[in-house]
Amino acid sequence: MKFFYSFILLLFSGSVAAQDYKLWYNEPAAKWLDALPVGNSHLGAMVYGGTDTEEIALNEETFWSGSPHDNNSTESLQYLSTVRRLIFEGHEEEAQKLIDQHFIKGPHGMRFLPLGSMKLKFGHTNVTDYHRELSLGNALATTSYIYNGVKYERTVFASQADNVVIVHIKADKQGALSFNIGFDSQQPAQVFTVSSHEGLGAVHELAAVVDGAEQEGIKAGLKAECRILIKADGKIERGVSSQSVVNATTATLYITAATNFVNYHDVSGNPIKKNNRTLTAVNGKSYQQLLQRHLKKYQEQYNRVSLTLGDEHDNLMKRESATDQRLRSFRLSDDQTLNISPDVDLVATMMQYGRYLLISSSQPGGQAANLQGVWNDKLNAPWDSKYTININAEMNYWPALVANLAETQQPLFDMIEDLSHTGRLTAATMYGCRGWVAHHNTDLWRIAGPVDGATWGMFPTGGAWLTTHLWQHYLFTGDKKFLKKYYPIMKGAADFLIDYLQPVPQSSPLLGRGVGGEALLVTVPTVSPEHGPMGKRTTVTAGSTMDNQIVRDVLNQTLEAAKVLGVNDTSLNTLQSTLNRIPPMKVGKYGQLQEWMIDGDDPNDQHRHISHLYGLYPSDQISPNRTPELFAAAATTLKQRGDMATGWSLGWKINFWARMHDGNHAYRIIKNMLTLIPDSVEWGPRGGTYPNLFDAHPPFQIDGNFGCTAGICEMLLQSHDGAVELLPALPGEWSLGEVKGLRARGGFFVDIKWEGGKLTEARIRSSIGGQLRVRYGDRIIYDAPTKPGQEVKVKG
């Protein structure tokens, strides 16, 4: 194969042509898992599209149970040496009992609460020509139908630009629009009408003050206020706890909400003043102005990336079917007797849907996307919809860099910074260590101690894992100011690990020596998340493979950051000497990568967590080029764990198989994920996708959506193993396609086009300059320095 290169100097433009994938349905949502999400990070809304009654279920990102507190045990330190001794002696079950009794004292984290629902009573039954859709290109949820000869249309969007959810309703016959506006909440709430407020004067508003919730003895410290400003060209009638629009042609509702939350240790805010400011700012703007401001702000992020898979004519034919029908039929192409072409366009839709959800749930100045993003309808959400940092919160942000949405990470970085403060007290109080620690879960109040029980909570490397996102951001952007700002947080995580690591006694069953013959250093106590070895009735262990990999990353990345920044710190010498004593990865008796230092893997175990392959993805410690034996062992582990799992685990497996350069196997996992899970199934062992394309664990967890998006990108572009690698895991069914705007480490932006399963053209633009090495297949096809703004074109 011949390749030709051309060089063009240009300034990088981060936008490509708009790509408007849609989710659409021919009936209203029957349940929350059928409704369509909109969000602006601060507010989340689920749009049902009802005709008799429309429901828009609302969330406000800071409306959580509880109030400022910590969950640090004051007993753990006095039992720590005993727990370590028991584990090293092989008495892990006894150690677990002590941990459960003295380390994990509660509370176990607060919960993300639903705010309530706005209900619009239209009384329209027996409608025709019904259609509802969510446009990913415009972030608009629309509903239309005909009732009594009148066409009604509703448009809902959550504006980042103006911090409101807008509902615009119109009829095509003058004066034919009449409806009632109400609000209800599962929490105690006072609902009332407002006739005037500071900044607006006379208004028509509906307001609700919603109480927070106590949990595990932590008093409710938050109250939320939701406000709905109503404008219409007809009459507006005020009731006691509702408002009505009568004989209008158009109406626009402006929804905002706020709480008294300021930060994790301050709840002195004033939600009324916050809402007044928001509504005053939008009051002078027309609906069209607000719509255009929304589109401009949203599309600046969404339009950076486009993905087309398959033949466009065939894709247009597929789009004529409703989304739930496409999902139901997705696997039919596997039956070759049916002669049905694969719906690869639904895969592209799923990739862009993940980007849409990340834009909608995580923006600078807001909270990080939690276990359900910013959408939750339950008073007691599964796992409290907290931040589970033994995989799930990290997975939420896997697409942020490669899918060109770097700024969506800022709420995550803010949370990491908060945890570096709360976790410093945890490290000192619970373990007598320097630096900072967080375990497997946190919440709005940034708890850093362990929760739930030793089986889950005794994971002292959750915070350390989070810091790897800081280093990855630098690798993608080359932003030294960013690195300088966050270096102390990276160093704090490393300091904790240095103090927490313990030498393995010669008498321990955990044998092995480090470089130079010194005793190995391991985290103890710890777990391999939620999973234990054969022959042990506990997850508690020392030096799990995942922990060793995370320690290796955090110490290495801190050292590399120090070099970049020119930090001259003698304590860095300890990091290097410690690295020489971290246990190496091992291949077990079944040819698998060992999950623990002991060879305790069960080849028939298909547990959802495959934590010891962290070194394959998201880390880069396992490589076909640098560590072929470990690479082969990781493949064996993946085969042993099987192709079915919970939704989020399927998301991880897509990325694993992409890193394996096995596109067909990665696509097999995507097919498993794109299996319809009915909205009636809220709990179960088999993952898939709900009718509204939310990931089904089940229950709903948004991490699977983000893992899928990252995995599809990873199949098309990788940059972790010494080169920008084009189409590293292209499935046979994706023989034709084009992707634009993906991001690679080294500050590169990449467009790729292929046909017949072969690369036809790639354009790689450098934003910061530096060496560009390009791999396609098993060959390096380009290797030369670049200048900022330079474009390299590769044609096959």
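Let me start with one definition: a residue is buried when its relative accessible area is under 20%, exposed when it is over 50%, and partly exposed in between. Take Lys121 as our test case: its relative accessibility is 41%, so Lys121 counts as partly exposed. Keep that scale in mind, please, as we will come back to it.

Hello everyone! Before we go on, remember that what you see above is a predicted model. How confident is the predictor? The mean pLDDT of the protein chain is 95, and 97% of its residues reach 70 or more. One stretch to treat with care is residues 1-13, where pLDDT stays under 50.

Now back to Lys121, and let's look at its partner. Lys121 makes a salt bridge with Asp52, and the closest N and O atoms are 2.8 Å apart. Where do the two sit? Lys121 belongs to strand β6, residues 116-121, while Asp52 is in the loop between β4 and β5. The two are 69 residues apart, so this pair links distant parts of the chain. Asp52 is partly exposed too, as its relative accessible area is 28%.

Strand β6 also takes us to a sheet. This open sheet has seven strands in the order β3-β4-β5-β6-β11-β16-β15, and the pairing is antiparallel. At its edges are β3 (36-39) and β15 (235-238), each of which pairs on one side only. From one strand to the next, the twist averages 20 degrees. Inside the sheet, β6 pairs with β11, residues 177-184, over five bridges. If you want to find one of them, look at Lys119: its bridge partner in β11 is Gly182.

Let's visit a second sheet. What is the order of its four strands? Reading across, you get β27-β28-β32-β33, an open sheet with mixed pairing. The strands β27 (717-718) and β33 (779-786) are at the edges with a single partner strand each, so one side of each has no neighbour in the sheet. β27 runs antiparallel to β28, residues 724-726, and two bridges join them. Here, Gln718 stands opposite Glu725.

The largest nonpolar core has 232 residues, and Leu726 is among the members that touch the most others, along with Phe179, Trp652 and Trp734, to name some. Helix α13, residues 480-500, gives this core its largest share, 12 residues. There is also a second, separate core of 16 residues, which includes Val164, Leu200, Val282 and Leu290. As for Leu726, its contacts beyond four places in sequence include Leu716, Val750, Ile752 and Tyr776. As a general point, nonpolar side chains tend to be buried together in soluble globular proteins.

Time for charges again. How many salt bridges does the model have? The count comes to 45. One of them joins Asp162 and Arg293, at 2.9 Å from N to O. On our scale, Asp162 is buried at 8%, whereas Arg293 is partly exposed at 35%.

Another salt bridge joins Lys671 and Asp334, with 2.7 Å from N to O. Lys671 is in helix α18 and Asp334 is in the loop between α6 and α7, so this pair ties together parts 337 residues apart in sequence. Is Lys671 buried or exposed? With a relative accessible area of 10%, Lys671 is buried, while Asp334 is partly exposed at 35%. Salt bridges can also form a network, as Asp751, Glu761, Arg763, Arg765, Glu791 and Lys795 do here.

That loop between α6 and α7 also holds Asn339. The phi of Asn339 is near 55 degrees, a positive value in a residue other than glycine, and at 73% Asn339 counts as exposed. Asn404 has a positive phi as well, near 65 degrees, but at 3% Asn404 counts as buried.

Tyr617 and Pro618 are joined by a cis peptide bond with omega about 10 degrees, and His697 and Pro698 by another, with omega about -20 degrees.

Key
Residues numbered from 1 in each chain as written. Predicted model: local features only at pLDDT ≥ 70, side-chain atom pairs only at ≥ 80, totals over all residues. Heavy atoms only, no water. Pairing = 2+ DSSP bridges. Core = buried A, V, L, I, M, F, W, Y, C linked by side-chain atoms within 4.5 Å. Buried < 20%, exposed > 50% of the residue type's maximum accessible area, 1.4 Å probe, protein only. Contact = heavy atoms within 4.5 Å. Salt bridge = Lys/Arg side-chain N within 4 Å of Asp/Glu carboxyl O. pLDDT = per-residue confidence, 0-100. Axes fitted to C-alpha atoms, helices over the stretch in contact; angles between N-to-C directions.
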